[in-house]
Amino acid sequence: MSTRVRYAPSPTGNQHIGGVRTALINYLFARSSGGTFILRLEDTDRTRYSDEYVKNLYDTFQWLGFYWDEGPDIGGPSAPYIQSERFAIYKEYAEKLVAMDKAYYCFCDEDRLGKLREEQSLAKTGDQGYDRHCRNLGRDEVAAGIAAGRNHVIRLKIPMEGKTVFHDRLLGTIEWKNEDISPDPVLLKSDGFPTYHLANVVDDHLMGITQVMRAQEWIPSAPLHRIMYDAFGWEMPELCHLPMVLGQDGHKLSKRHGATAVNEFRKAGYLPEALINYIAHLGCSFEEGRDLFTLGEMEKLFRLEKLNKAPAIFDYQKLEWFNGQYIRLKSDLELAALVKPFLVEAGLRAVDDAVADALDLQAMPLVKERLKLLSEAPGVMAYLYGKPALPAAEEFIPKKLDLGAAIAMLEENLVLVRLVDFSDIPAAEERFKARSVEIDAKLGNLLMPLRVAVTGSRVSPPLFESIRILGN
RNA sequence: GGCUCCUUCGUCUAGUGGCCUAGGACACCUGGCUUUCAUCCAGGUAAUCGUGGGUUCGACUCCCACAGGAGUCACCA
């Protein structure tokens, strides 16, 4: 049987590192096993839903460059892939569960539930959860309640004793005492929408999902799902709970750790290849002694067994290194195109400017080796456009400049690096000013078109200027 | 607090009983190349494999206990 896996995000926020990593691992698993990767939109939370997030989802994955085989935008045999369009299905299955006495109608309102919570916290007996008040309502009472139009939900009957066992591909066998499972979770909300638990289980079954791979934070809902599969008499997909991604402080990665949304990384000048490679490498190894892998390589090399059980801390520094590596792998032409939007954004050049295009392209060999992020390009290339370099990030001690030698090299059409530190060499300031015109003139004469690029975004403009001229 | 999961350099990892006096990568330090910076190359610092017990001729690798960390306890997913 061929494998079918899915990424099932909820459009209640922009796609972030954690979600994308789950998607990537599902994708790699599908590819490595000749299976199918499916996208399913779990948009059952109407209060947090936004179209904007759906758009962000598509944008993100188009940018990242790995895509699903079946999904809302491209269709497939299990359509529709949007849960709000499968509305009726869930109601049907929830009621089926009630008919089988595996679930029940509950008329408790927010008021009662709130009070219950208060009492429980006062009693300090620990969180007991729902008190199963409506679990044993008579047939007549239920009928009357519904007839009266009272708000109601459908809750799952969690067995009061015994235990629930499930197997995790990565973690092994996990046992839960039924009394420790959240008492009687809601399956169908009072607005008629399913909760995650119902929709997730029903869809995974209906869509023929064979492996469920999701973050470890979902472990506590696994026993509950097991109970539902059993109640329906369905075979449960194989479970595999993925290690989580943590911030520097060891807590679940979130906004306060810095950039977490993929579009933020994109704006900051990260390459999708670098992000994908780094994320995949986090908590997983592909081949001994190597860190850099293309998507295609990972598709072939991926094995679930190589996943780590322990959570991993997201290291922005190492990601930057990956990014620098991938930037250096780009051809000049590719990189120039990649960098262009950042230059335009910085106001250095216009979008349509053939001369600027040529200039950029010629500067690439120099720019390429000193970029970790595409967003650093404007700082590095500012001089090319007659603007001062960006402020210094750090200082360094320059060596003494020999203008005569510099000009000599220029004339030989060699790579020239000129460094001027006015504070260190007081006399140089005067000399430089006096001869800068001469230098510029020689530049013009020698090299057409000009091949000039500022080197070193860390050079402070008032103190240093650094120009490098490329030879042919 | 209950329950569950996890535990090799600061970080990401290799490692499935002897090849480990623990290997690689990021970061950091030193040197080389480059009249600067960056890139690149070479080298270095860094884990008594969370702690304590076992099992075994032999344990990072198997078992147990403890400790620490994390996750989760909604009509959110």
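This is a predicted model: local features need pLDDT of at least 70, side-chain atom pairs count only at pLDDT 80 or more; totals for chains, interfaces and linings use all residues.
Over how many bridges do β4 and strand β7 (residues 186-188) pair, and in which sense? β4 and β7 pair over two bridges, in the antiparallel sense.

**View 1. Chain A at a glance.** Welcome to chain A, which holds 16 helices and 14 strands. Of its 472 residues, 33% count as buried. Take the contacts in chain A between residues at least 6 apart in sequence: 76% of these join residues at least 24 apart.

**View 2. Strand β4 and its two partners.** Here β4 can be seen with β3 and β7. Strand β3 (residues 103-106) pairs with β4 in the antiparallel sense over four bridges, and V153 of β4 has C106 opposite it. With β7, the pairing is again antiparallel, over two bridges; there, R155 has V186 as its bridge partner. In a regular strand, side chains alternate between the two faces of the sheet. In β4, V153 and R155 point one way while I154 and L156 point the other way. All four of these residues are buried.

**View 3. The nonpolar cores.** The largest nonpolar core has 66 residues, and L24 and I279 are those with the most contacts inside it. Helix α1 (residues 17-32) gives the most to this core, contributing nine residues. Look for L24 and, leaving aside residues up to four places away in sequence, you will find that it touches F66, I276, I279 and A280. There is also a second, separate core of 21 residues, with Y90, A94, I181 and L187 among them.

**View 4. Helix α1 meets helix α9.** Two packed helices are described by the angle between their axes and the distance between the axes. For α1 and helix α9 (residues 272-281), the angle is about 80° and the axes are 10 Å apart. The two helices are therefore roughly perpendicular to each other. On the α1 side, I17, V20, R21, L24 and L28 take part, meeting I276, I279 and A280 of α9. Sorted by class, this contact has seven nonpolar, no polar and one charged residues.

View 5. Is α9 largely enclosed or largely open? Eight of its ten residues are buried, so α9 is largely enclosed by the rest of the structure. The buried residues are E273, A274, L275, I276, N277, Y278, I279 and A280. Their cover includes α1, α2 (51-64), α8 (262-267), α10 (295-301) and α11 (316-329). After α9 comes G283, with a positive phi near 80°.

**View 6. Helix α7 and its neighbours.** In helix α7 (residues 222-232), the buried residues are A222, P223, H225, R226, I227 and M228. What do they pack against? Their neighbours are the strands β4 (153-156), β5 (163-168), β6 (172-177) and β9 (238-242), together with helix α6 (196-206). Just after α7, look for G233, which takes a positive phi of about 80°.

**View 7. Helices α12 and α13 crossing.** Helix α12 (residues 332-345) and helix α13 (residues 354-368) cross at roughly 95°, and their axes come within 9 Å. From α12, D332, L333, L335, A336, V339 and K340 meet D360, L361, M364, P365 and K368 of α13. By class, this contact has seven nonpolar, no polar and four charged residues.

Definitions and conventions
Residues are numbered from 1 along each chain as its sequence is written. Chains are lettered from A and ligands numbered from 1 in the order in which they are written. A residue is buried if 20 or more other C-beta atoms lie within 10 Å of its own, exposed if 12 or fewer, and partly exposed in between; C-beta atoms are placed from the backbone. Two residues are in contact if their C-beta atoms, placed from the backbone, lie within 7 Å. A nonpolar core is a set of buried Ala, Val, Leu, Ile, Met, Phe, Trp, Tyr and Cys residues joined through C-beta atoms within 7 Å. Axes are lines fitted to C-alpha atoms, for helices over the stretch in contact, and angles run from 0 to 180 degrees between N-to-C directions. Angles under 35 degrees count as roughly parallel, over 145 as roughly antiparallel, 65 to 115 as roughly perpendicular and the rest as oblique. Ala, Val, Leu, Ile, Met, Phe, Trp, Tyr, Cys and Pro count as nonpolar, Asp, Glu, Lys and Arg as charged, and the others, Gly among them, as polar. Two strands pair if DSSP finds at least two bridges between them.
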